[in-house]
Amino acid sequence: MLNNNQIKSLTPKETRYAVSDDRGLYLEIMPTGKKYWRFRYSFQGKKNRVSLGPYPEVSLNDARNKRDELKLLLVRGIDPVLEKRKFTVIEKQQQLENNNIQKARLKFEKLKLKADDGNKDALYHLALLYLNGSDEYDIKQDKKIAFNLLLEAVEKGNKFAKETLKLFNQ
């Protein structure tokens, strides 16, 4: 088993090489001097490996903990590489959803500014938002704001807003 002093003393060679720790965990040393934790395992008769991160960002203890977590997945019949890919896809989907939410919020804020000036198109889109909702994010709060902006436009004498509000009462 490796210790921190041994890891620090490992020097690069012309080609990459590996130094084993324990139970499938090893450190791969690149010709550039960078060191990467890897975990080698066998799943359903196929050998595979997964990267655990660079040393020293991922400490020896962290690498061992990650290895143990991956071993638990293997015991439960889950391939760690496929599990990692699944989480990567989920993270990308969440990022995309967050971007869509931010875009929708920005669009809504722009509509609010235009509606304050009595812009008919903005009032129309706010009315649609109020009536139909949006699949992009939870708009309960924005629906209230849209309705209040339409009310304000009516109070300012905007005929289009007055006609739109009649739709709400039907």
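Lys35 touches Ile7, Lys8, Leu10, Leu27, Glu28, Ile29, Pro54 and Tyr55, leaving out residues up to four places away in sequence; contact here means heavy atoms within 4.5 Å. This is a predicted model, where local features need pLDDT of at least 70 and side-chain atom pairs count only at pLDDT 80 or more, while totals for chains, interfaces and linings use all residues. Residues are numbered from 1 along each chain as its sequence is written, and side-chain values use heavy atoms, with hydrogens and water left out.

**Lys35, a buried charge**

- You'll find Lys35 in strand β3; helices (H or I, at least four residues) and strands (E, at least two) are DSSP runs, numbered from the N terminus.
- Lys35 is buried but has no salt bridge. Buried means under 20% relative accessible area, exposed over 50% and partly exposed in between, using a 1.4 Å probe and protein chains only.
- The nearest side chain of opposite charge to Lys35 is Glu57, 11 Å away; Lys and Arg count as positive and Asp and Glu as negative, with His and the chain ends not counted.
- What Lys35 does have is the backbone oxygen of Leu10, 3.3 Å from a polar atom of its side chain.

**The nonpolar core**

- The largest nonpolar core has 22 residues, and Ile7, Leu27, Trp37, Phe39 and Leu52 touch the most other members. Such a core is a set of buried Ala, Val, Leu, Ile, Met, Phe, Trp, Tyr and Cys residues joined through side-chain atoms within 4.5 Å.
- Two or more residues of this core come from each of β1 (17-22), β2 (25-29), β3 (35-43), β4 (46-55) and α2 (60-75).
- Helix α2 gives the largest share of the core, five residues.
- Leu52 is in contact with Leu25, Trp37, Arg38, Phe39, Val58, Ala63, Lys66, Arg67 and Leu70, leaving aside its neighbours within four places in sequence.
- As background, nonpolar side chains tend to be buried together in soluble globular proteins.

**Helix α2**

- At 1.5 Å a residue, the 16 residues of α2 should span 22 Å, and the end C-alpha atoms are 23 Å apart, which agrees. The expected span is 1.5 Å times one less than the number of residues.
- The buried residues in α2 are Leu60, Ala63, Arg64, Arg67, Leu70, Leu73 and Leu74.

**Salt bridges**

- The whole structure has eight salt bridges, each a side-chain nitrogen of Lys or Arg within 4 Å of a carboxyl oxygen of Asp or Glu.
- One of them pairs Arg16 with Glu28, with the closest N and O atoms 3.9 Å apart. Arg16 sits in the loop between α1 (4-9) and β1 and Glu28 in strand β2, so the pair ties together parts 12 residues apart in sequence.
- Arg16 is partly exposed at 47% relative accessible area, whereas Glu28 is buried at 6%.
- Asp21 and Arg64 also meet in a salt bridge, at 2.8 Å from N to O. This pair links strand β1 and helix α2, 43 residues apart.
- Both Asp21 and Arg64 are buried.
- Asp68 bridges to Arg23, with the closest N and O atoms 3.4 Å apart. Asp68 lies in helix α2 and Arg23 in the loop between β1 and β2, so parts 45 residues apart in sequence are tied together.
- Asp68 is partly exposed at 29% relative accessibility, and so is Arg23, with a relative accessible area of 45%.
- Asp21, Asp22, Arg23, Arg64, Arg67 and Asp68 are linked in a network of salt bridges.

Notes
Polar contact = N/O pair within 3.5 Å; in protein donor to acceptor, adjacent residues only side chain to side chain.
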